[in-house]
Amino acid sequence: MAWFKKQRKPIEPPDKQSRVPEGLWVKCPSCSNIIYNKDLAASLSVCTKCAHHFRLSAAERLKSLFDGPWQEYDRGLTSTDPLKFTDTKPYHKRLDASIASSGLQDAVITATGAINGIETSVAAMEYSFIGGSMGVVVGEKITRAIERAIARRLPVVIVSCSGGARMMEGALSLMQMAKISGALARLDRARLPYVSVLTDPTTGGVTASFAMLGDINIAEPKALIGFAGPRVIEQTIRQTLPEGFQRSEFLLDHGMLDAVVDRRELKDVISRVLRFGRSDAPRPEPAPQPLLAETISDQ
Ligand SMILES: [Zn+2]
């Protein structure tokens, strides 16, 4: 019988495509505030309501620090996959995917440009490229950025955003810690300032080397900064960790950082530190070089 048959067609569901274009609004993960994308960009990706700091890409970071255009270096350097490493998928395929999605060859951009008029050598790390991990390319590019600064008498700013050393390059990635630290020691001997900026997250071998070696170490608010993860530490020391452990404010309270600075004030704070570091007043005679350095330079 036709009694139970639906004679009328059901109302068609509304057009599946949302009338609001994708990516026009962003929800703050901290306070659930809905922010218009352009407003977020204007406030350097800091929530206008609760000051939550969204993660910046390396290019956005450079844009937020430099006065205008900058000169990029070593753009073409890329990893050769020295260990032919494979975990859940081959490392070279991971590299290809990251290169395609980020448009970068590895997890750092190095550049020179002006920060409030002060010519500076800056390295900014890119988290979206294999967790901002430090392999041979990151190590080489940052080392070259420091050496360039020494040759041209420029200060150095490194913005860290990294999960640590890149395990797919094994011991070669760990060697970068010593290499960059060595270059920073030469920068120090050349009496040029280095400002380290630690952003969310800065962990592992990056924290254990150059990120903590700044003449001034500045962190963004509530950034995760540490060496090992909290779970590993809890299991090792068999104690519950305190509230806010491994966050910028906690580290500042415990003397690990010099300042926690809101991103919207970061550029001015950095330029003030750099101006302080390159006073034009006559400098005292440089301290005698350590014995080891003398023997090396004598050869
Ligand atoms: Zn918010």
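**Close-up views of a predicted model**

View 1. With a relative accessible area of 1%, cysteine 47 is buried, whereas cysteine 50, at 28%, is partly exposed.

**View 2. Leucine 44 in the loop between helices H1 and H2.** Although leucine 44 is not a glycine, its phi is positive, at about 55°. The loop that holds leucine 44 runs between helix H1 (37–42) and helix H2 (58–65). The relative accessible area of leucine 44 is 26%, so this residue counts as partly exposed.

**View 3. Glutamine 246 in the loop between helices H7 and H8.** Glutamine 246 is likewise not a glycine and has a positive phi, here of about 70°. Its loop lies between helix H7 (230–237) and helix H8 (248–253). Because its relative accessibility is 5%, under the 20% limit for buried residues, glutamine 246 counts as buried.

View 4. When residues up to four places away in sequence are set aside, serine 160 touches Met125, Val197, Leu198, Thr199, Thr202, Val206, Phe210 and Ala211.

**View 5. The cis peptide bond between aspartate 200 and proline 201.** The peptide bond that leads from aspartate 200 to proline 201 is cis, with an omega near -10°. Proline 201 belongs to strand S7, which covers residues 194–202.

**View 6. The largest pocket and its lining.** The largest pocket holds about 290 Å³ of space. It is lined by 18 residues, of which His52, His53, Asp200, Pro221 and Lys222 are the closest to its centre. By residue class, the lining of the largest pocket divides into 7 nonpolar, 4 polar and 7 charged residues.

**View 7. The protein chain as the setting for the close-ups.** The protein chain contains 10 helices and 9 strands, and 41% of its 299 residues count as buried. Among contacts between residues at least 6 apart in sequence, 68% join residues that are at least 24 apart.

Key
Residues numbered from 1 in each chain as written. Predicted model: local features only at pLDDT ≥ 70, side-chain atom pairs only at ≥ 80, totals over all residues. Heavy atoms only, no water. Buried < 20%, exposed > 50% of the residue type's maximum accessible area, 1.4 Å probe, protein only. Contact = heavy atoms within 4.5 Å. 1 Å grid on protein atoms, 1.4 Å probe; cavity = no way out; pocket = protein on both sides within 12 Å on 5 of 7 lines; lining within 4 Å. Points joined across faces, edges and corners; volume = space filled by probe spheres on them. Nonpolar A, V, L, I, M, F, W, Y, C, P; charged D, E, K, R; others polar. Helix = DSSP H or I, 4+ residues; strand = E, 2+ residues; numbered from the N terminus.
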